[in-house]
Amino acid sequence: MVLLLAVVPYVLYVTGNTFWLDIFTRLVILAIAACGLNLILGLGGLVSFGHAAYIGIGAYAVGIPVYHETYGGMDAIASYNGFVHLGLALLCCAIFAFITGVISLRTRGVNFIMITMAFGQMMFYAIVSIETYGGDDGLTIDLRSELPFINLDSPLSLYGLCYISLLVVVFLTYRIRNSRFGITLQGAKSNEERMNAIGVNCYKYQLTAFVMSGVICGYAGFLLGNFTTFISPEMMDWTRSGEIMFMVILGGAAMLWGPVIGAVLFIVLEFVLSEYTVYWHLPFGLMLIFAVLFLRDGVTGAIHGLSSSGARHQS
Amino acid sequence: MNKLRTAVTVAAAIGSMAIGSQTLHAADQVKIGFITTLTTGAASIGKDQENAVNLALEHIDNKMGGKPVELIMADDGFKPEVGKQATDKLVKQDDVDFVAGYIWSHVLLASRKSVLDAGKFLISANAGPSPVAGKLCHENFFSTSWQNDQTPMAMGETLNKKGVKSLYVMAPNYAAGKDMVAGVERTFKGEIVGKDLTKWGKDAQLDFSAELAKAKASGAEGIFVFYPGKAAGAFIKQYEQAGLKDSLPLYTVFTIDSLSLPKLKEGGMKSVLGSSMTQFWSPDLDVPANKKFVADFREKHGTYPSFYAAQAYDSIMLIKSAVDAVDGNLDDMDAMRAAMKKADFPSVRGEFSYGNNHMPIQNFYSRTVVEDADGNWTTEIDQVVLENHQDVYAADCSL
Amino acid sequence: METSILFIQLLNGLQLGILLFLLSAGLTLTFGIMDFVNLAHGALYMLGAFFCATLTLYTGSFLLAVILAIPLTALAGFILEKLVVQHLYQRDHLDHVLATFGLILCIDTIVHSIWGPEGIAIPLPEFLNSQVELLPGIVFPTFRLLIIAIGLAAAAGLYVMVNHTRVGMLIRAGASNRTMVGALGIDISTLFSGVFALGAALAGLAGMLIAPITEASIGMGSDIIITTFVVIIIGGVGSMKGAFLAALLIGLIDTFGRSFLDDLFKLIMSGEAAETAAPAVSAMLIYILMAVILAFRPQGLFPPLTR
């Protein structure tokens, strides 16, 4: 998988299939977002339905400074510098995640699902109402972030950056998973009362995970903004949050590589099916239902289960 | 990781398929990509445009400059991101010569860079947001529609001519909605006594009871609305149910068209008859090209074509005029551009010319909703309100 | 003048609230009893509207169409429950959300291929398509009054059924202790299917009532489902009383926000700023309300006593 994602896009680019490189870039970016969501969903067992908002914030953190540098105003943040964009993206996401996390984590179950969605929708309507940045029409990013050594205008370097970022994020989640922090988080997922009883403040751990997960999605947004050079509130809508969630579940939330494989399958399915018919939502929806009904641990889990029956929850 | 072999094989298969299906650019045909909305509730507009494009190709025997035309329809799903992806595919994968279509302003704004950066022609068959007419105008961009502000400006003028002194304004709260309101405010000389911008987007507001109650209480002499797509039917119904036809006459732009009128008739919404609207074109416009277009369209599909269809039809004719001018030599971009600038083709709106920003300079008519001889509901032209009108953003365009 | 418009907006808010209640009743029933999160509830609302539209055009009578379409929607709900939903009761909420999200995609596409992309307008009989003068100077559309009346009747019917019948007793018992009801020899599977079908019928009824005002259109279900969830969560998930009160609250707040927020904002800021801010805030209003309520009462306003 790792090798495939490294080699195939390069070959595609060299053979002149630039459009396919685009698909791979989008795929890798969404995989990063899915990994970010999985931190809170897979490890923490908290179903956040508003993570598209962080991707949006990350993307607007690129668009807004570029807009002001080009057209004037707001000198404090106006810049083409990629580090400014990145810093802004991560900082804004951390703040937004912290504020909403403090409130949301007081609730559980379906209430948590819906309150995270409510916060996402608030962000959506807030952006829609700011006319300066295009409102509903979205904002075209005239120039990509300027970074040292990497020219993001080259599709191949952009892909390289996304690819390496994905590896880093997966490695990071791997480390978190096996750290004291990760184990506490998983403990809180299976029995919160018990963890609290033995003197662990689950709330604190969950809030930290929530913020980290938001920041990773914000980073994915930063990359997405640079990739599409166009951002609109549409990418913060609750159905988008649902799609990222679907990637995680499809791949298998319990697995390290689950979100990545989920993202690959999602994009491939979407692309292949929509090639054949405008009614592609029907087979897509059916697959979704079947995946839930019959693949308890996602695709990764199913393959895992086939080859080593019994050991389903090891990754 | 070896347990993922299946997934890897699938992905590899897809990858190889990609290389296999890559099409080489064939110089012996004219490739046109057409982006419109083929899914969601707005698909009826896309269907109408698709029908018009196919009719246009039929009328020209599917030939431009002696070469056969290959048409690729693509769906924008009513979302800018999806529209941009579809555009990228047309430009990068299918390597089309022209990209036409675009119903929605936000889809056009999201996609324009992909087309123009690749050095292809971009023809808008509906969307006309102010940036593409002004600051973001481009030598390879042409429009067969209008700039957003023009139609409501014509409405403001119509209201002045009818002697309306006070007006209540309603539109959805998004960029085009605000453009429409700004447009009517620019020319209307009376007083605007109330204004409502209603929630738009995914969970758009379709129940206007609160706003209509306010409008009625405001004592305005008329109500101006802009509600495209399915919101139009909802608005008209509630306007009817609230019994406002006599006390608060209706003035609309882009709300009542050939797509909504049959449905309104079916629903018995009689209060729409007699209401006013403005447009650059009408099915009854007395131009030979239009007569042929409307008659053939009605024969084939049983309904009047909408203005979306008229613009889509014109976009194909505009492309043909360019390809004909260079005898199919598609590499000669300059000559094709020069040919398009002349607007030298039988447009269904009659004669018009292009401004420096490649937006049409054209007439705008006021129209009334009427019942035709066969009992169908359609619109009739009253008079020309704005003659050879150019949009105000042309001054911002550096071309 | 001011009081009459206030009164009319009150009725408008009431009517929206009633409609939301019809939708949330079914949702909160399935949640309270089966612990099932049904995102596809909105799809049943849409199906109700489309069934009713077709039947109205076929029979020529809106009222007859409603009477025929209600059992039809219930049947659709019943089939859905047997085919998909039933197998998901033992799963967690995440699986519910995903599977029903899939159902939305399927049902939307099926409706698209049957009825076409454009919506269907439903003609009303003349006597409903008019206005009544409630008080001097206060004129209100008849059909909206009918919605309020039907909604209140449905609410009363539900109240009687839940509190004073054997089925209602089972429903209440099921909501507080599912396993116990099963252990007492009640056919749980049939009870669940029945409740699901009842919820579907209520959602369908809401769709039939709104369709003559807007129209039957694809996506109408996904548009309203989020608001409905906001209602049941504010009310306290699983509580019928909470759903009723929260629905009225949301209906009134949304309507009043839309009508008076801009005037209110103009008192504290410039006219132009108010014109920009008011629509944005009124669109966010119900989400803000939900966040505030959950911040102080994580279980909602009226959580059921035993869960």
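Helix axes are lines fitted to C-alpha atoms over the stretch in contact, and the angles between their N-to-C directions run from 0 to 180 degrees. This is a predicted model, in which local features need pLDDT of at least 70 and side-chain atom pairs count only at pLDDT 80 or more, while totals for chains, interfaces and linings use all residues. Residues are numbered from 1 along each chain as its sequence is written, and chains are lettered from A in the order in which they are written.

In chain A, the axes of helix H6 (residues 155–178) and helix H9 (residues 202–228) come within 11 Å and cross at roughly 170 degrees, helices being DSSP runs of H or I with at least four residues, numbered from the N terminus. H6(A) is therefore roughly antiparallel to H9(A), a term used for angles over 145 degrees. H6(A) contributes Leu158(A), Cys162(A), Ser165(A) and Val169(A) to the contact, and H9(A) contributes Ile216(A), Leu223(A), Asn226(A) and Phe227(A), where contact requires C-beta atoms, placed from the backbone, to lie within 7 Å. Six of these residues are nonpolar, two are polar and none is charged; Ala, Val, Leu, Ile, Met, Phe, Trp, Tyr, Cys and Pro count as nonpolar, Asp, Glu, Lys and Arg as charged, and the others, Gly among them, as polar.

Between chains, the contact takes 35 residues from chain C and 32 residues from chain A. On the side of chain C that touches chain A, helix H4 (93–115), helix H9 (220–235) and helix H11 (271–296) of chain C each give two or more residues, and H4(C) gives the most, with 15 residues. That side has 27 nonpolar, six polar and two charged residues.

Conventions: Angles under 35 degrees count as roughly parallel, over 145 as roughly antiparallel, 65 to 115 as roughly perpendicular and the rest as oblique. Two residues are in contact if their C-beta atoms, placed from the backbone, lie within 7 Å.
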